[in-house]
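Subject: Handing over a structure, with notes on what was found in it

Dear colleague,

Here is the structure I promised to pass on to you.

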Amino acid sequence: MTLTSQLLRTTSRRVAASSLLRRAAGSTPAVQHVHRTLATSSSPSSTEKERLSQLQAEDVIDDRGLTVFKTLHELQTNSCTFFANNELFGTHTGHDFEWMTYSDFDKLVHKTRAVLKDIGA
């Protein structure tokens with residue numbers, strides 16, 4: 001994949017994500033859904049199907065594979081559970097990026113909550 005096609009792909013994802021967020025912010029249903037972007041177009045393996053069934057049973061995703069949430073806390077926890085191994089934030093380090101996964105982010109959020117609770121905030 002060329003650099004140009006990578007940039008176009010990244011830009012189109014950002015545009016799609018911001019469009020989803022604008023729609024979600026203006027919509028009225030109690031439960032908001034964020035569409036899951038599939039990494040591949042192939043059908044899920046039996047292990048992946050079991051994982052999806054388990055996440056549906058835990059109300060992390062719905063029957064369409066969309067993340068379900070009512071609060072900001074649920075959005076963060078459900079997304080970090082569902083996308084645990086996916087890259088979330090990247091820091092430019094010279095010629096490369098150092099990526100933080102959803103799981104790494106979840107651990108930092110839990111640490112931050114604990115510190116805020118300990119200081120009485």
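The notes below go from the whole chain to its helices, its salt bridges and a few single residues.

Please bear in mind throughout that this is a predicted model. The chain holds 4 helices and 4 strands, and when it is read along the sequence these follow one another in the pattern α-β-α-β-α-β-β-α. Of its 121 residues, 19% count as buried, while the accessible surface of the chain comes to about 9400 Å², with 57% of that area belonging to carbon and sulfur atoms. If you take the contacts between residues at least 6 apart in sequence, 39% of them join residues that are at least 24 apart.

The last helix in the pattern deserves a careful look. Helix α4 covers residues 102-118, and its 17 residues should span 24 Å at 1.5 Å a residue, which agrees with the 24 Å between its end C-alpha atoms. Which residues of α4 are buried? They are Tyr102, Asp106 and Val109, and because they cover an arc of only 60° around the axis, they sit on the same side of the helix. As a general point, an α-helix has 3.6 residues a turn, so residues three or four places apart point the same way. The cover over the buried residues of α4 includes α3 (72-82), β3 (87-93) and β4 (96-101), whereas the face turned away from that buried side carries the exposed residues Lys107, Lys111 and Asp118.

After the helix comes Gly120, whose phi is positive, near 80°.

Turning to charged side chains, how many salt bridges does a search of the whole structure find? It finds 2. One of them joins the side chains of Glu48 and Arg51, with a distance of 3.7 Å from N to O. Both residues belong to helix α2 (residues 46-57), where they are 3 residues apart, or about one turn of the helix. Glu48 counts as partly exposed at 22% relative accessibility, and Arg51 is partly exposed as well, with a relative accessible area of 27%. The other salt bridge is between Asp62 and Arg64, whose closest N and O atoms are 3.3 Å apart.

Helix α2 itself has 12 residues and reaches 16 Å from its first C-alpha to its last, which is close to the 16 Å expected at 1.5 Å a residue. It is followed by Asp59, which is placed in the loop between α2 and β2. For comparison, most residues other than glycine have a negative phi. Asp59 counts as exposed, because its relative accessibility of 57% is over the 50% that marks the exposed class.

Finally, strand β2 (residues 67-69) contains Phe69. Is Phe69 buried or exposed? At 11% relative accessibility, Phe69 counts as buried, because that value is under the cut-off of 20%. Phe69 and Ser79 are 10 residues apart in sequence, and their C-alpha atoms are 9.2 Å apart in space.

Note on methods. Residues are numbered from 1 along each chain as its sequence is written. This is a predicted model: local features need pLDDT of at least 70, side-chain atom pairs count only at pLDDT 80 or more; totals for chains, interfaces and linings use all residues. Side-chain values use heavy atoms; hydrogens and water are left out. A salt bridge is a side-chain nitrogen of Lys or Arg within 4 Å of a carboxyl oxygen of Asp or Glu. Helices (H or I, at least four residues) and strands (E, at least two) are DSSP runs, numbered from the N terminus. Buried means under 20% relative accessible area, exposed over 50%, partly exposed in between (1.4 Å probe, protein chains only). The expected span of a helix is 1.5 Å times one less than its number of residues. The arc is that of the directions from the helix axis to the C-beta atoms. Contact means heavy atoms within 4.5 Å. Accessible areas come from the Shrake-Rupley method with a 1.4 Å probe; for residues, only the protein chains shown count as cover.
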